[in-house]
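Hi,

Here's the structure I promised to pass along. Have a look at it first, and my notes on what I found are below.

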Amino acid sequence: MNHPTPPTITVVIAQCVQRSFLSPLPGPDPRLKPCHLHAGYTNTVRLLGGGPSHLPNVIEDFLWRAHGGENGNLAGSEFVHVIYVDDEHVDDGSELVESHFAQFGRHCVPGEVDTNGLEGYLGTGQTAEWRDLRNGRTHVVRTPGLNDNMYGTGFIPVLQSICQEAEEVYGVRPEDVQILNIGGWSIIKELFCGVWELLHHGIPDYRDPNNREATIRFKRVALSDALSYSVQREHHNIALDITRMIGGVVLRTPQEALAYSGLN
Ligand SMILES: [Zn+2]
């Protein structure tokens with residue numbers, strides 16, 4: 001019997017790719033930032049392009065390819081899932097929301113118009129529409145807090161469903177599904193959500209509905225240096241160091257992220 005080699009399934013976790021954090025700014029003056037959590041001028045130019053050197057928009061170029069390019073069928077993209085993990089605060093006047101805004105400034109409120117007159121708060125340019133792709137490989141998780149992206153949201157069920165499909169359709173064992181982190185990362189998110197939890201604690205096994213213990217541990221977790229940011233550069237550098245310390249992979253260039261995801 002012929003056993004073809006199973007494909008490599010990649011889950012791209014695109015966190016905080018949102019206008020409140022990553023909209024283009026007219027200049028580097030920090031007072032131009034819409035909130036304290038915004039990536040800032042330098043990060044925005046590095047990721048979204050433009051600036052005096054007319055840099056390319058590397059993060060949207062990567063996501064465009066991950067979604068399959070112009071016709072949605074770019075080679076390799078059928079094995080790439082994208083999970084948008086979005087910060088979201090419905091302004092219900094609750095103490096939690098008010099204190100969050102008091103600390104960081106108002107951000108990620110559904111339905112609000114941003115400083116560029118763009119309605120809504122999701123996406124930086126095209127990624128807003130990409131969230132609506134119905135290709136079975138695009139997922140959106142909305143999180144009301146800063147550090148609870150793993151538990152109490154739809155994040156783990158999405159990962160479980162991707163793993164289940166990978167196993168049933170392609171014969172890929174869940175632990176062989178690989179993770180790639182892009183987008184916004186504070187050091188806390190990096191440690192507890194991006195790499196540490198996935199690599200060392202994993203997710204509950206979907207095959208046993210009564211099992212709430214994390215028993216699927218991903219063997220391959222990467223962070224893309226070129227496609228991620230922290231508000232402070234030193235936090236970004238620490239995140240890269242920690243990723244390596246716990247056995248994750250740091251991908252330097254956008255090309256390395258594409259190669260890792262089988263998209264080139
Ligand atoms: Zn927030």
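**What I found**

"Buried" here means 20 or more other C-beta atoms within 10 Å of the residue's own, "exposed" means 12 or fewer, and "partly exposed" is in between, with C-beta atoms placed from the backbone. Helices (H or I, at least four residues) and strands (E, at least two) are DSSP runs, numbered from the N terminus.

Before you dig in, note that this is a predicted model: local features need pLDDT of at least 70, side-chain atom pairs count only at pLDDT 80 or more, and totals for chains, interfaces and linings use all residues. Residues are numbered from 1 along each chain as its sequence is written.

**Confidence and overall shape**

The mean pLDDT (the predictor's confidence in each residue, from 0 to 100) is 88 for the protein, and 91% of the residues score at least 70. Helix α9 (residues 254-260) has the highest confidence, at 98, while helix α7 (residues 187-201) has the lowest, at a mean of 73. Where pLDDT is low, the predicted coordinates should not be read in detail.

The protein has 9 helices and 8 strands. Its radius of gyration is 18 Å, close to the 18 Å that the globule rule gives for 264 residues, so the protein is as compact as a globular protein of that length. (That radius is taken over C-alpha atoms, and the rule is 2.2 Å times the number of residues to the power 0.38.) The C-alpha trace spans about 65 × 45 × 35 Å along its principal axes. Of the 264 residues, 39% are buried. Among contacts (C-beta atoms, placed from the backbone, within 7 Å) with a separation of 6 or more, 67% come from residues 24 or more positions apart.

**The sheet**

So what surrounds β4? β4 belongs to an open sheet of 6 strands in the order β3-β2-β1-β4-β7-β8, with parallel pairing. The edges are β3 and β8 (249-251), each pairing on one side only. Two strands count as paired if DSSP finds at least two bridges between them. On average, neighbouring strands of this sheet are turned by 20° against each other, direction ignored.

On one side, β4 is joined by 6 bridges to the parallel strand β1 (residues 10-15), with Val11 partnered by Ile179. There are also 5 bridges from β4 to strand β7 (residues 221-229), again parallel, and there Ile179 stands opposite Val221. Another 3 bridges link β7 to β8, which run parallel, and Leu223 stands opposite Val250 in β8.

Helix α3 (residues 58-66) packs on the sheet, touching β1, β2 (80-87), β4 and β7, and its direction makes about 135° with that of β7. Helix α8 (residues 233-245) lies across β7 and β8, at about 165° to β7. For those angles, axes are lines fitted to C-alpha atoms, for helices over the stretch in contact, and angles run from 0 to 180 degrees between N-to-C directions.

**The core**

The largest nonpolar core has 49 residues, and those with the most contacts inside it are Val11, Val12, Ala14, Ile59, Phe62, Val82 and Ile179. Such a core is a set of buried Ala, Val, Leu, Ile, Met, Phe, Trp, Tyr and Cys residues joined through C-beta atoms within 7 Å. Not counting residues up to four places away in sequence, Val12 touches Ala66, Val80, His81, Val82, Leu180, Ile182 and Ser261.

Helix α4 (residues 95-104) is hardly covered, with 1 buried residue among its 10. Gly105 follows α4 and has a positive phi, near 90°.

Two residues other than glycine also have positive phi. His54, with phi near 50°, sits in the loop between α2 (41-48) and α3 and counts as exposed, with 8 C-beta neighbours inside 10 Å. Cys108, at about 55°, is in the loop between α4 and α5 and counts as buried, with 25 such neighbours.

Finally, Arg131 is in the loop between α5 (127-130) and β3 (138-143) and is partly exposed, with 16 other C-beta atoms within 10 Å. Arg131 and Ile83 are 48 residues apart along the chain, with their C-alpha atoms separated by 9.1 Å.

Cheers

Note on methods:
Contact = placed C-beta atoms within 7 Å.
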